Amino acid sequence: MKNIWSGLLVAFSLYSAIPVPQVQWEKKTMRWALSFLPLVGVLIGGAEWLWYCFCVYFGAAELFYAVGAALLPLVVSGGIHLDGLCDTCDALCSFGDREKRLAILKDSHVGAFGPMWLTAFLLAETACFAQLYKTPALLPLACAGFAAARADGARKIVTMPCAKNTGLAHIFAQNSDKKAVDTTLKIEQAVLDIILLVWLHQLESGYFLWVAYIVLLGLWYMLHARIAMRVFGGITGDLAGFCISVAELLAFVCAAFGGLMV
């Protein structure tokens with residue numbers, strides 16, 4: 001039980017900006033850490049729901065709500081996954097060889113393409129949340145995307161080979177109970193899917209939206225794996241952050257466009 005609690009603290013200390021007691025990073029404390037990554041997503045999803053309730057109660061404008069909703073994950077998570085998105089976009093747009101792209105991921109400096117795609121990402125999020133302000137019945141789908149995306153990103157670290165023998169992804173991969181973590185994440189994803197199906201079933205076109213979301217998430221999971229292996233030779237912490245960020249956006253897009261049909 002102590003090791004499980006330590007794993008929870010490791011996950012929240014790295015993947016969120018929530019102050020938690022610090023524990024030593026070692027095999028026994030990191031064994032289960034990635035299993036708790038989706039809980040950070042649950043926390044963000046809950047914060048998004050409270051932000052929506054706050055804005056509705058005070059009659060806030062759509063833009064005010066949407067910008068706040070897009071920035072809220074950054075505040076809670078500390079931006080670690082957006083850093084991966086930014087670095088990966090820089091590396092992919094360099095059109096260099098594998099070694100050059102891996103060097104770009106490692107470089108602490110940022111190029112031109114990363115900020116451009118990060119800006120586009122945040123604008124897309126803002127647009128989706130503005131639409132969801134008009135169709136709040138689908139907001140739970142967007143909120144669930146935070147947890148689902150993190151389950152996918154964590155699974156990549158424990159199921160794919162690492163592109164290099166250094167970095168956070170390698171540390172977590174080396175110290176995780178890979179099979180147990182992967183199984184736990186699959187169970188968490190299945191529970192989340194069932195809850196979403198029950199919720200969306202109440203809505204017109206709800207079943208279609210659930211299927212669309214599952215299909216989009218599955219396609220992105222496979223496409224990301226292909227990019228990671230062919231371009232970079234495996235997974236890295238930045239690539240995991242890239243996976244999580246895009247998977248989140250897919251949930252927002254599905255919910256926003258679904259709102260046009262219900």
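In which helix is the place of Tyr 207? Tyr 207 sits in helix H11, which covers residues 206–232. Please bear in mind throughout that this is a predicted model.

1. Confidence. The protein has a mean pLDDT of 90, and 99% of its residues reach 70 or more. Element by element, H3 has the highest mean pLDDT (96), while H2 has the lowest (80).

2. Tyr 207 itself has a relative accessible area of 51%, so it counts as exposed, the cut-off being over 50%.

3. Main core. The largest nonpolar core has 69 residues. The members that touch the most others are Tyr 15, Leu 34, Tyr 65, Phe 129, Leu 139, Phe 172 and Tyr 213. Helix H8 (residues 139–159) is the biggest giver to this core, with 13 residues. Another core, of 10 residues, lies apart from it, and includes Leu 102, Leu 105, Val 231 and Ile 235.

4. Phe 172. I would display this side chain with its neighbours. Leaving aside residues up to four places away in sequence, Phe 172 touches Val 10, Leu 14, Tyr 15, Trp 25, Met 30, Ala 33, Leu 34 and Ile 157. Of these contacts, Tyr 15 and Leu 34 are also on the list of core members that touch the most others, as is Phe 172.

5. The structure holds four salt bridges. In one of them, Asp 177 pairs with Arg 31, and their closest N and O atoms are 2.9 Å apart. This pair links distant parts of the chain, 146 residues apart: Asp 177 is in the loop between helix H9 (168–175) and helix H10 (178–200), and Arg 31 is in the loop between helix H2 (27–30) and helix H3 (37–57). Is Asp 177 buried or partly exposed? With a relative accessibility of 23%, Asp 177 is partly exposed. Arg 31 is partly exposed too, at 37%.

6. Glu 248 forms a salt bridge with Arg 150, with 2.4 Å between the closest N and O atoms. Glu 248 lies in helix H12 (residues 237–259) and Arg 150 in helix H8, so to speak two distant parts of the chain, 98 residues apart, linked by the pair. Both Glu 248 and Arg 150 are buried.

7. Asp 182 and Arg 155 meet through their side chains in a salt bridge, at 2.7 Å from N to O. Because Asp 182 is in helix H10 and Arg 155 in helix H8, the pair ties together parts that are 27 residues apart in sequence. Asp 182 and Arg 155 are both buried. Lys 186 joins these two residues in a network of salt bridges.

8. Val 67. Helix H4 (residues 62–77) is the place of Val 67, which is partly exposed at a relative accessible area of 35%. Between the C-alpha atoms of Val 67 and Ala 130 there are 8.3 Å, although the two residues are 63 residues apart along the chain.

Key
Residues are numbered from 1 along each chain as its sequence is written. Side-chain values use heavy atoms; hydrogens and water are left out. A nonpolar core is a set of buried Ala, Val, Leu, Ile, Met, Phe, Trp, Tyr and Cys residues joined through side-chain atoms within 4.5 Å. Buried means under 20% relative accessible area, exposed over 50%, partly exposed in between (1.4 Å probe, protein chains only). Helices (H or I, at least four residues) and strands (E, at least two) are DSSP runs, numbered from the N terminus. Contact means heavy atoms within 4.5 Å. pLDDT is the predictor's confidence in each residue, from 0 to 100.
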